[in-house]
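Q: Take a close look at the aromatic pairs here. Where do their rings sit, and what surrounds them?

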Amino acid sequence: MAFLEHRLKDMVPEKGARILDIGCGSGFMSDVFAECGLTGDYTGIDIQDRVRETFAHPEAFDRTFIEADAHTFETDQSFDLLFSFSALEHIPDDGKLLQHLDGMLKETGAHLHIVPAGWGLPVYLWHGFRQYTLGDIEDRFGRENVNVYALGGVFSFLLHFIFITVFEMILRVPVRKWFRSLYLVLLRFSLRADRFVPVAPVAYVVHKTKS
């Protein structure tokens, strides 16, 4: 979430932001947005009702949760931010969904989607229908007004491969829970070290504006 902490305020109004979170799950991203300094109206949509009962920052947003298929979701509202975190890869025709959602965006609004890269496969194993290449992103978002940011590098890749893939997914040992302090120290080191070896990203952030 370090990327959002540093970049989000440049992409969306801090106060009174209207956000649509596609595949919102528990709605945890509303707290992340609040921790990044945003306030406003948050709408989460998901095909399952998994919304948590309490939030760390209940005062930051007026929250609305809708149990529905995003493909058929309709609204008269327009949004400053259309957001998804590890959701588009679960959509068989994500390009069609993006076109549908595009009409809900304000003229000054933006898409912001976090999708798995190819290097995410050995870390998280098979997750959804696809991992994205830069070519896949261009096919779905085009070239105009699009910025793509790679997340991760060699050090964070190795850290997560060991902690998540080997211990948690294969051996079923919750090492991040048992050794949380150690993991956070190693994570901070890895993120700093990734700047010097910016290869093997596990995810991409796609930012697209209308103009």
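A: Searching the whole structure turns up eleven aromatic pairs. Two rings of Phe, Tyr or Trp (its six-membered ring) pair if their centres lie within 6.5 Å; planes under 30 degrees apart are stacked, over 60 edge-to-face, the rest tilted. This is a predicted model: local features need pLDDT of at least 70, side-chain atom pairs pLDDT 80 or more, while totals for chains, interfaces and linings use all residues. Residues are numbered from 1 along each chain as its sequence is written, and side-chain values use heavy atoms, without hydrogens and water.

One of the pairs is F3 with Y149. The pair is tilted, at 5.0 Å centre to centre and 55 degrees between planes. F3 belongs to helix 1 (residues 2–7) and Y149 to strand 6 (residues 146–151), so parts 146 residues apart in sequence are tied together. Helices (H or I, at least four residues) and strands (E, at least two) are DSSP runs, numbered from the N terminus. F3 is buried at 15% relative accessibility; Y149 is partly exposed at 21%. Buried means under 20% relative accessible area, exposed over 50%, partly exposed in between (1.4 Å probe, protein chains only).

F55 and F65 are stacked: 6.0 Å between centres, 10 degrees between planes. F55 is in the loop between strand 2 (40–46) and strand 3 (61–67), and F65 is in strand 3, so the pair links parts ten residues apart in sequence. F55 is buried at 17%. F65 is partly exposed at 28%.
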